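Have a look at the sequence and the 3D view, then read on.

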Amino acid sequence: MRKMLLRQSENVRLQLLVVLVGVLLMLGKFIAYYLTNSNAILTDALESIINVVAGTVSLYSLVVSARPKDLNHPYGHGKIEFVAATLEGSLIVVAGGAIILKSAYNLFAPQELSRLDVGIFLTAAAGIINFVVGHLTERRGNQSNSLVLVAGGKHLKTDAYSTAGIIVGLVLIYFTGQVWLDSLVAIIFGAFICYTGYRILRASLAGIMDEADYELLRRIVRVLNENRRENWIDIHNLRVIKYGTTLHIDCHLTVPWYLTVLQAHEEVEEVGKLIKQKIDPDIELFIHTDPCVDTSCSVCPNLHCEARRKPFKHLVEWDFDKVIADKKHGV
C-alpha cells in the first residue's frame, strides 16, 4: 500500500510539472502567432490551450484517484481517470475541428504573414520540449498503469509531431512565398489532431465500459501456465477490471474436492503471490474456488491423488479462450 501511495504521489508531481510547462509553451506559441499571423502556428497555439485545460483536469483526477477507499467507493476512486481522459480526448477533437474550419476559410481569404523566421524558431523550441515531456509522461504512465498519464503523454508527443510537420510547412512558405500553404498545412494537422483525440476517447471509453484488456489477460494466462502447481487443476472465468492505476482480477480456481478450507485458501494465496510477483504488486485478486469433478481427473496434474476416478491422460495447457470464459478444460 505504501508503494502504491508513493507511486500516486509521484504521478501527481509529474502531472503538475506537465501543466506548468504547458502554460509556458502556450504563451510562447501565442507570441509566435502574434508575430507571424500564421494559421499553422495558431493550430499549435490552440492545441496548447487544450493541453493546459486537459492537463489541469488530469491533475485533479490523479489527486482524486489517489484518495483511499471509503464506504461509498469500496474499489477506490480510480475510475475518475477514465473520465478525465474522455474529457481530454473530446477537447482535442473539438480543437482539431476548429482548426480545420478556420484554415478552410483562410484558403479562400488568405491573410498576410510576417516574421516567419522567428515563428519557426519559437515553434521548434516548443515542439522539442513537448516531445521530451510527453515521452517522460507516457513512460511513467506505462510503469504505473495510469491511463491519464499515458493519454497525456501521447497527446504531448502527438503535439510535437504535428509541430514538426507545421515547421516543415512554414519553411516551405518561407522560401516559396506561397501563403495558401499555411492554411493547407493547418488543415492536414487539424485532421491529425482529431484522430489523436479519437484514439484517446476510444481508450478511455473502453475503460469506463470495462472492456477486456486481452494483452494483459494473455500475460496472466502465460504466467499461470508456466508456474502451475499440482493442485491447480483448472483456471477459468478470468476477468480484469481497471480502476485507474489499480487492477482488480477475479477468476475461478478448480482444486481437489477433498482439500480443507485452509488448504484451498493456501492455493488461492499462491495464485495471488504469483500474479503480484510477475505482473503487478498492487493487483487486487478475488479468487473463487471450485471443487474438481469427474471430468477433471484426466487432466489433473496431481499424480498422488488417492481419490482419482479416471486415469490421467496428459497435462492440458490452459487455453486463453477457455480461461477468460466460464468453461473448464478437458480432454
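Predicted model: local features only at pLDDT ≥ 70, side-chain atom pairs only at ≥ 80, totals over all residues.

Let's start at Thr254: leaving out residues up to four places away in sequence, Thr254 touches Asn231, Trp232, Ile233, Asp234, His236, Asp290, Pro291, Cys292, Ser296 and Lys328, where contact means heavy atoms within 4.5 Å. Residues are numbered from 1 along each chain as its sequence is written, and side-chain values use heavy atoms, with hydrogens and water left out.

**Thr254 and its strand**

- Thr254 is found in strand β2, which covers residues 246-255; strands (E, at least two residues) and helices (H or I, at least four) are DSSP runs, numbered from the N terminus.
- Is Thr254 buried or exposed? Thr254 is buried, at 0% relative accessibility; the cut-offs are under 20% relative accessible area for buried, over 50% for exposed, and partly exposed in between, using a 1.4 Å probe and protein chains only.

**The whole protein**

- The protein has nine helices and three strands.
- Follow the sequence along and you get the pattern α-α-α-α-α-α-α-β-β-α-β-α.
- The radius of gyration is 26 Å, well over the 20 Å that the globule rule gives for 331 residues, so the protein is more spread out than a compact globule. That radius is taken over C-alpha atoms, and the globule rule is 2.2 Å times the number of residues to the power 0.38.
- Along the principal axes, the C-alpha atoms fill a box of roughly 90 × 40 × 30 Å.
- Of the 331 residues in the protein, 50% are buried.
- Take the contacts with a separation of 6 or more: 72% of them are between residues 24 or more positions apart.

**Helix α4: Ile129 and Glu138**

- Helix α4 takes in residues 116-144, and Glu138 is part of it. Ile129 also has its place in helix α4.
- Glu138 is buried, with a relative accessible area of 15%, while Ile129 is partly exposed at 38%.
- What does Glu138 contact, leaving aside its neighbours within four places in sequence? Glu138 meets Leu149, Val150, Gly153, Lys154 and Lys157.
- Ile129 touches Val21 and Leu25, again not counting residues up to four places away in sequence.
- Ile129 and Ala32 are 97 residues apart along the chain, and their C-alpha atoms are separated by 16 Å.

**Helix α7**

- The buried residues in α7 are Leu216, Leu217, Ile220, Val221, Val223, Leu224 and Asn225.
- As a general point, an α-helix has 3.6 residues a turn, so residues three or four places apart point the same way.

**Helix α8: Glu270**

- Glu270 lies in helix α8, residues 261-278, and is partly exposed, with a relative accessible area of 26%.
- Not counting residues up to four places away in sequence, Glu270 touches Arg229 and Trp232.
- Glu270 and Pro281 are eleven residues apart in sequence and 13 Å apart in space, C-alpha to C-alpha.

**Rings and charges**

- How many aromatic pairs are there? The count comes to three, where rings of Phe, Tyr and Trp (its six-membered ring) pair if their centres lie within 6.5 Å, and planes under 30 degrees apart count as stacked, over 60 as edge-to-face and the rest as tilted.
- Tyr174 and Phe175 form an edge-to-face pair, 5.2 Å centre to centre with 85° between the planes.
- Tyr174 is partly exposed at 45% relative accessibility, and Phe175 is exposed at 67%.
- The charged end of Arg218 sits over the ring of Phe320, 4.0 Å from its centre. For a charge to sit over a ring, NZ of Lys or CZ of Arg must be within 6 Å of the ring centre and within 35 degrees of the ring normal.
- The charged end of Arg228 sits over the ring of Trp318, 3.9 Å from its centre.

**Cysteines**

- The count of disulfides is zero, taking a disulfide as a pair of cysteine sulfur atoms within 2.5 Å.
- Cys297 is in no disulfide, and the nearest cysteine sulfur, that of Cys292, is 6.2 Å away. Cys297 is buried, at 11% relative accessibility.
- Cys305 is buried, with a relative accessible area of 18%.
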